[in-house]
Amino acid sequence: MNALSAEVHRFLPTTPADPGFGVYVHWPFCAAKCPYCDFNSHVRHQAIDQERFARAFAREIAVMAGRSRGLTVTSIFLGGGTPSLMEPATVGAILDAIAANWTVAPGAEVTMEANPSSVEAERFLGYRAAGVNRLSLGVQALNDEDLRGLGRLHDVAQALKAIELARSTFPRLSFDLIYARPGQSVASWEAELARAIDLAADHLSLYQLTIEHGTPFYALHKAGKLKVPDGELSADLYEATQSVTRTAGLPAYEISNHAVPGAESRHNLTYWRYGLYAGVGPGAHGRLMGRLGRHAVATEPNPERWLQMVEDWETGTTIDDALSHQEEADELLLMGLRLTEGVDLKRWRQVSGRDIDPTVEADLVAQGMVERLSPDRIRATPAGMLVLDAVVADLA
Ligand SMILES: C[S@@+](CC[C@H](N)C(=O)[O-])C[C@H]1O[C@@H](n2cnc3c(N)ncnc32)[C@H](O)[C@@H]1O
Ligand code: SF4
């Protein structure tokens, strides 16, 4: 165990029975739009008035805190877009507003996503001073040709420097890679992954490239100009990912997330264990309790419209829907089956008011898609993880 993984145990753990309460903050701007990305991210050619945005974040934080009184924040996640385009003072103002409006647990995890360009790395110390204690770095690939192909603005040398700097600045570090890239073979991915594991601390997010509707990659793919691994090769790449990370002591705890046991992302576990969370900023999603039970809450995605809404009405909330028992049960299953620890069926029964259909389950077990870990816990097998939406649709 290296120094970073020892450090992680100081951070507040959560459990399946007590999934914690998270605050997600969305920074919606990027320096350039990556051709595969369909996240709520926008490029602006004029300077962003960060002080004005920080004031708006503080106002919406007060509104969301008013809707979740009595809950203690166990994790904060600054995601994007590219949050590392924020000045440290903006990050400080947002974290201060969270601490002023909620009780934040000692040892709470405070993660920030960052891109590894040198300009952004220069701000790492400032982010640490503002209260960030975990960095999630968007490395994506460890060869320059593929980084260019993904439209990234950094090269491998910058990524390596950013990893080194992040390791000496933050108590916890994770980085992201995208695999199943055009032209990638199992052997080249295994070699790249082994190098990534050498560089990593105790957590890695490894995402299969998805061709998202409406992106430039989608148009290229449709026109036959972008060849990505087919189903069989993708499954082989996924299996290689599981096996290399398991052997290295960072097994999967979720479809795309791998950690030394104990170093999992508390914030993401809150989502997958179906805890409550508040979403703040343009296009942020939350799950909060309302008078009729759990609500799905979401805000206006367009940054400038969101800003105007907050300035006029304190929040950019556009969706605030009470979930039916069935919707809640479906979400619980969809989230929980992503996890290696699986889903608590007692809780599913409480929410849905019924049992899993034994015939459907027996079919899925026979096909090798799901397995019971105990009388009250079910999980997807690695084969089931590859077709999770279909498995959930069958079970739900
Ligand atoms: C939306 S980004 C935000 C963080 C930061 N802007 C970045 O690019 O690293 C979060 C992660 O989503 C992943 N991602 C985005 N689009 C994807 C896609 N189409 N396929 C696979 N992974 C994707 C990337 O690995 C990225 O690190
Ligand atoms: S992948 Fe990250 S940097 Fe690229 S457009 Fe999406 S949010 Fe922005």
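Conventions. I am working on a predicted model, where local features need pLDDT of at least 70, side-chain atom pairs count only at pLDDT 80 or more, and totals for chains, interfaces and linings use all residues. Residues are numbered from 1 along each chain as its sequence is written, chains are lettered from A and ligands numbered from 1 in the order in which they are written, and side-chain values use heavy atoms, with hydrogens and water left out.

Entry 1, ligand 1. A polar backbone atom of Gly81 is 2.8 Å from a nitrogen atom of ligand 1, and a backbone N or O atom of Tyr36 lies 3.0 Å from a nitrogen atom of the ligand. The protein covers 93% of the 540 Å² of accessible area that ligand 1 has on its own (Shrake-Rupley method, 1.4 Å probe). I then listed the elements giving two or more residues to its shell: strand 4 (134-140), strand 5 (172-179) and strand 6 (203-208). Strands here are DSSP runs of E with at least two residues, and helices are runs of H or I with at least four, numbered from the N terminus.

The shell around ligand 1 has 17 residues, of which Gly81, Gln140, Arg152, Asp176 and Thr210 come nearest (a residue is near if one of its heavy atoms lies within 4 Å). I sorted the shell into five nonpolar, eight polar and four charged residues. Ala, Val, Leu, Ile, Met, Phe, Trp, Tyr, Cys and Pro count as nonpolar, Asp, Glu, Lys and Arg as charged, and the others, Gly among them, as polar.

Entry 2, ligand 2. I found Gly81, Asn115, Arg152 and Tyr36 among the residues surrounding ligand 2, including also Cys30, Cys34 and Cys37. The shell divides into five nonpolar, four polar and two charged residues.

Most residues other than glycine have a negative phi, and most peptide bonds are trans. I checked two places against that. Gly80 and Gly81 are joined by a cis peptide bond with omega about 25°, and Gly81 lies in the loop between strand 2 (72-80) and helix 3 (88-101). Gln140, in strand 4, has a positive phi of about 75° although it is not a glycine.

I found Asp357 capping its N-terminal end, with a side-chain oxygen 2.9 Å from the backbone nitrogen of Thr359. Gly368, with a positive phi near 75°, follows helix 15.

Terms used. Polar contact = N/O pair within 3.5 Å; in protein donor to acceptor, adjacent residues only side chain to side chain.
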